[in-house]
Amino acid sequence: MEVILASSSVDSGIGCWDLHTGSEQLRYKSCSSPSHGLVSIGSRFIASSQIRDPLASSGSLLYWAWNKPQVEVKNFPAEPIKPIAANQSGTYLAAGGAFSGDIYFWEVDTGRLLKKWRAHYRPVTCLIFNEDESLLITGSEDGCVRVWDLVMIFDDLRSQESSNLYMHSFSEHTLRVTDVAIGNGGASAIIVSASEDWTCKVWSLATGTLLRNIVFPEVVIDNIVLDPAEHVFYAGGRDGKIYIAALNTESIPTNNHGKHILGSFSNQSKAVTCLAYGTSGDLLISGAEDGIVRVWNLRTRNIVRMFKHAKGPINNIVVVRRESDSSNDTSFNAQTSSRKHGSSLPPPLEKYRTGNEPTDTVPVSLGGGGRHEDVKYVSHDVLMNSLKELQNQGSNAASEMEMEKLKHDSQKSMQMVNQWKKMYENLHEFCVKEILDGSK
């Protein structure tokens, strides 16, 4: 079963629908989430950060079991939390501070706060894990995108010796970063960032360089999602349009769109606030300020389903693939076991580090699938060996863009060679003429 979760900044709960049948599942109560503040923890349960008063000095992070509409576990971090992200297996939860710019990193099953570090000068706006979960990519109100090597973060010795904790820091955006996305390909992946400065930028993870700058027609892009093949990415604009931008091809500028923007489609005028890709089929799911979830067929660019949220603008959409219960078609609405209240969910998250854990090594899982094996890292070399193997897989988009950049550099070099050649010929002609005139 593939389900859509949608939440809002107003207290209207979390809507849940079957993506393919359109039937509504449970509506989870008491949720008022910020943007990027809703996740599924390894398909085991739902988590959402909560900030009901933007000026409040405290916030909460809530858990819901799939089969109960009420909040099961309430967490109260040291400061309000906005963006959250979980690795695929649901082992770890990363969160960005709403005020400090700090990153919090918890072990979900125990609730231990494994690490906290200053990531940005201003509040964190978005964060994601890469495909093998060895890196964390963050965006901030300071306009900066940073890549964090988790092995470095958890290796206290290397952290103390290094002048910077981050692997890359991209500071070319001039305004607040609204979203980040990363492709496949391990160390050869590409990173795409969106900002309120009307641009999306494409970066090379391998080299830490800017590959492409895409300027949108005076519109802020709040959310982006990459096509699985990484030929294009989709960008939701505040003008109500979903833009299609090229990752590995050149496009001819038109009167309506700039370079690298292939087109757009829309069904309404309210801002597109969130995007997600279906895990099966060629479906794009969008949420908007009008409170409607739209499911698009990307081949035809037609809407195949629409869901109405309870109230308020939608600011989060999560697509989750869950195992259906063959013994009960309404498994979401039924208690599936005789467990005590809340016993199926982990304990609350620690507010502060207890200091009981060892300081030399911390178990961090690199696995992106269902494996739960923990590996103790003691140096950065362990990660580098793993990434070298993944680097051979590569990313089509990154490779083609690197090739495109090399071609461009080659063309510029040839132009310079021709210019120097012409200057040499002119100088040679001038010298010959002077010599001949002097001999006369």
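Start by selecting Trp 296: it is buried, with a relative accessible area of 4% (buried means under 20%, exposed over 50%, partly exposed in between, with a 1.4 Å probe and protein chains only). Bear in mind that this is a predicted model, where local features need pLDDT of at least 70, side-chain atom pairs count only at pLDDT 80 or more, and totals for chains, interfaces and linings use all residues. Residues are numbered from 1 along each chain as its sequence is written, and side-chain values use heavy atoms, leaving out hydrogens and water.

For pairing, the centres of Phe, Tyr or Trp rings (six-membered ring for Trp) must lie within 6.5 Å; planes under 30 degrees apart are stacked, over 60 edge-to-face, the rest tilted. Phe 265 is in strand E22 and Trp 296 in strand E25 (residues 292-297), so the contact ties together parts 31 residues apart in sequence. Strands (E, at least two residues) and helices (H or I, at least four) are DSSP runs numbered from the N terminus.

Next, zoom out: the whole structure has 12 aromatic pairs. Another of them joins Tyr 234 and Phe 265, with centres 6.5 Å apart and planes at 70°, so it is edge-to-face. Tyr 234 counts as buried at 8%.

Last stop: select Tyr 92, Phe 105, Phe 129 and Phe 154, which ring pairs link into a cluster.
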